[in-house]
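Student: Could you take a close look at one loop region in this model and at what surrounds it? Please set it in the context of the rest of the fold.

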Amino acid sequence: MSTKFIITDDHGIFRSGLKMIIEGMYADAEVYEAASGAEVRQMLDRLGPVDLVLLDLSLPDSQGLELLNRLKQTYCSTPFAVISASEESHLIQEAIKLGALGYVPKSSSNAVISSAIQLMMSGGIYVPHELLSGRQNDRPINEDISLTPRQLEVLSLLAEGMSNKQIGVHLSIAPGTIKAHIAAIFRELSAANRTQAVHRARELKLL
């Protein structure tokens, strides 16, 4: 069974370059190209389940995040990610809030784009931390927040004040697994304790 991608961007050269990156990553990749919001909707209707849609925010028939919002409402089970020339923190925050699996700046190197796609395909969320926080001294410049959906669930329960035992009962996972998730959360958010982790997550609009 093939791995299906849709690249939505009105610049053919950029689509071709991104297509080459994806085809180099996945031997079974089927990469489709759309140049507008109307085209990507037609493709989604025609193709059925798609593994990842990479969506530019500047399309001739769409305004910013409005297209992402409409697509998520119509194709709620389809994974979307933004890949954009804009590096404004409020756009990154809003894209994640609307349900995007990540936000990849077009200025990223091929290696970073590949890593971001791999992370999102494995269920993680790619966030360019240095652009989102605006505080590049908090973490190394190319280090990004990469929390899995399960870790985000644990994080939300931490924010509710649940103990490890309560989280385990709520999510039906073992104590050792909970500790591993919390350690990963602390590491990714550069936090020393639960309070710091929750505070950082709220600053980054992850909660």
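Tutor: Buried means a relative accessible area under 20%, exposed means over 50%, and partly exposed is in between, with a 1.4 Å probe and protein chains only. On that scale serine 36, at 11%, is buried. This is a predicted model, in which local features need pLDDT of at least 70 and side-chain atom pairs count only at pLDDT 80 or more, while totals for chains, interfaces and linings use all residues. Numbering starts from 1 along each chain as its sequence is written, and side-chain values use heavy atoms, without hydrogens or water.

Serine 36 sits in the loop that joins strand E2 (29-34) to helix H2 (37-47); helices (H or I, at least four residues) and strands (E, at least two) are DSSP runs numbered from the N terminus. Its side chain reaches the backbone nitrogen of glutamate 39 at 3.2 Å. Beyond four places in sequence, serine 36 is in contact (heavy atoms within 4.5 Å) with Thr8, Leu59 and Asp61. From serine 36 to aspartate 9 the C-alpha distance is 6.7 Å, although 27 residues separate them in sequence.

Aspartate 9 belongs to another loop, the one between strand E1 (3-8) and helix H1 (12-25). Aspartate 9 is buried because its relative accessibility is 0%. Its side chain makes a polar contact with that of lysine 106 at 2.6 Å. Such a contact is a pair of N or O atoms within 3.5 Å; within protein, one must be able to donate a hydrogen and the other to accept it, and residues adjacent in sequence count only if both atoms are side-chain atoms. A polar atom of the aspartate 9 side chain also lies 2.8 Å from the backbone nitrogen of histidine 11. Residues up to four places away in sequence aside, aspartate 9 touches Phe14, Arg15, Ala34, Ala35, Asp56, Leu59 and Lys106.

Strand E3 (residues 52-55) and strand E6 (residues 80-84) are joined in the parallel sense by three bridges, and valine 53 has phenylalanine 80 as its bridge partner in E6.

A nonpolar core is a set of buried Ala, Val, Leu, Ile, Met, Phe, Trp, Tyr and Cys residues joined through side-chain atoms within 4.5 Å. The largest one has 48 residues, with Ile6 and Leu44 among those with the most contacts inside it. Helix H7 (residues 149-159) gives the largest share of this core, five residues. Apart from it lies another core, of 19 residues, including Phe5, Ala29, Ile83 and Val104.

As for confidence, pLDDT (the predictor's confidence in each residue, from 0 to 100) averages 86 over the protein chain, and 92% of the residues score at least 70. Over residues 133-143 pLDDT stays under 50.

Notes:
Pairing = 2+ DSSP bridges.
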